[in-house]
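This briefing looks at the overall fold of a single protein chain and then turns to one residue within that fold.

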Amino acid sequence: MKLSARNVLKGKVVQVIKGAVNSEVTIELPGGERLVSIITNTSVDTLGLTEGREAYAVIKASNIMVAVD
């Protein structure tokens, strides 16, 4: 994975709360800090995001994107 963003934080998905259109995804970092991102349900399904899966929080400007290998 190559990105232009410099802030890529690897963690583990600890919670996915699906809504009608979007999901709230919480990623826990190795130090215990948690980041929350709102992404589409389609993105959750495409990335295979489930609790316990490793994922990356990609921070650029005021948005947090989620990526997986």
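The protein chain in this predicted model contains 1 helix and 5 strands. Read from the N terminus, its elements follow the order β-β-β-α-β-β. The radius of gyration is 11 Å, close to the 11 Å that the globule rule gives for 69 residues, so the chain is as compact as a globular protein of that length.

**Dimensions and packing**
- Along the principal axes, the C-alpha atoms of the protein chain fill a box of roughly 30 × 25 × 20 Å.
- Of the 69 residues in the protein chain, 30% count as buried.

**Surface and charge**
- The protein chain has an accessible surface of about 4500 Å², and carbon and sulfur atoms account for 50% of that surface.
- There are 8 positive and 7 negative side chains in the protein chain, and the centres of these two sets lie 8 Å apart.

- Valine 8 is placed in strand E1, which covers residues 7-18.
- Leaving aside residues up to four places away in sequence, valine 8 touches Met1, Leu3, Tyr56, Ala57 and Val58.
- For one of these residues, alanine 57, the C-alpha atom is separated from that of valine 8 by 5.7 Å, although the two residues are 49 residues apart along the chain.

Definitions and conventions:
Residues numbered from 1 in each chain as written. Predicted model: local features only at pLDDT ≥ 70, side-chain atom pairs only at ≥ 80, totals over all residues. Heavy atoms only, no water. Helix = DSSP H or I, 4+ residues; strand = E, 2+ residues; numbered from the N terminus. Rg over C-alpha atoms; globule rule 2.2 N^0.38 Å. Buried < 20%, exposed > 50% of the residue type's maximum accessible area, 1.4 Å probe, protein only. Areas by Shrake-Rupley, 256 points an atom, 1.4 Å probe, with all protein chains shown as cover. Lys, Arg positive; Asp, Glu negative; His and termini not counted. Charge placed at Lys NZ, Arg CZ, Asp CG, Glu CD. Contact = heavy atoms within 4.5 Å.
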